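Welcome! Here is a short briefing to read alongside the sequence and the 3D view.

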Amino acid sequence: MRHQSGFTLIELMIVVAVLGIIAAIAFPAYGEYLREGRRAEAVNGVGKYQMAQERWRAEHAGFGTAAQIFPTGAPTSEFYTFTTTNGATYTITAAPTPGGKMAGDSCGNLVATSNGTTKP
C-alpha cells in the first residue's frame with residue numbers, strides 16, 4: 001500500500017471558512033483606517049485656513065476671503081471642499097466632496113470658528 005499525502009476536503013473547507021472570517025473583519029477595519037487618514041487631511045486643510053486667517057487678521061481690520069488669504073491659491077483636497085465665511089469672525093468648513101470617497105461619512109463636516117470651537 002502506498003501512503004498518500006495531501007489535504008482532505010474538510011481541511012480545505014475549514015481554511016476557506018477561517019479566511020472568510022478574517023476577511024470579514026479586516027476589510028471594514030481597513031476601510032475605517034483609510035477614512036481616518038482622509039479625515040486628517042480635512043483637519044490639516046482647516047488648520048491651514050485658520051493660520052492664514054490669523055495672519056491676515058494681524059495686519060487688517062477683519063478676516064479675509066479665501067482669495068485674499070491665499071493669493072497664490074487655496075489648499076485643495078481630493079476628498080474635501082473647503083469654504084470660509086469672514087467679516088468680524090470667520091467660519092471654516094471642510095465638507096466631504098459630493099460623490100467622493102468620503103461622501104456619507106459618519107463624521108460629516110468639520111467646522112472651525114474664530115472663537116476656537118470646532119465640531120466634527
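**Salt bridges**

The side chains of E32 and R39 meet in a salt bridge, with N and O 3.1 Å apart (a salt bridge is a side-chain nitrogen of Lys or Arg within 4 Å of a carboxyl oxygen of Asp or Glu). This is a predicted model, where local features need pLDDT of at least 70, side-chain atom pairs count only at pLDDT 80 or more, and totals for chains, interfaces and linings use all residues. Residues are numbered from 1 along each chain as its sequence is written, and side-chain values use heavy atoms, leaving out hydrogens and water.

- E32 also forms a salt bridge with R35, the closest N and O atoms being 3.1 Å apart.
- E32 and R35 are 3 residues apart in helix α1, so about one helical turn separates them (helices are DSSP runs of H or I, at least four residues, and strands are runs of E, at least two, numbered from the N terminus).
- R39 and D105 meet through their side chains in a salt bridge (2.8 Å, N to O).
- That pair links distant parts of the chain, with R39 in helix α1 and D105 in the loop between β2 and β3, 66 residues apart.
- Together, E32, R35, R39 and D105 are linked in a network of salt bridges.

- R39 is buried, and so is D105 (buried means under 20% relative accessible area, exposed over 50%, partly exposed in between, with a 1.4 Å probe and protein chains only).
- E32 is partly exposed, at 28% relative accessibility.
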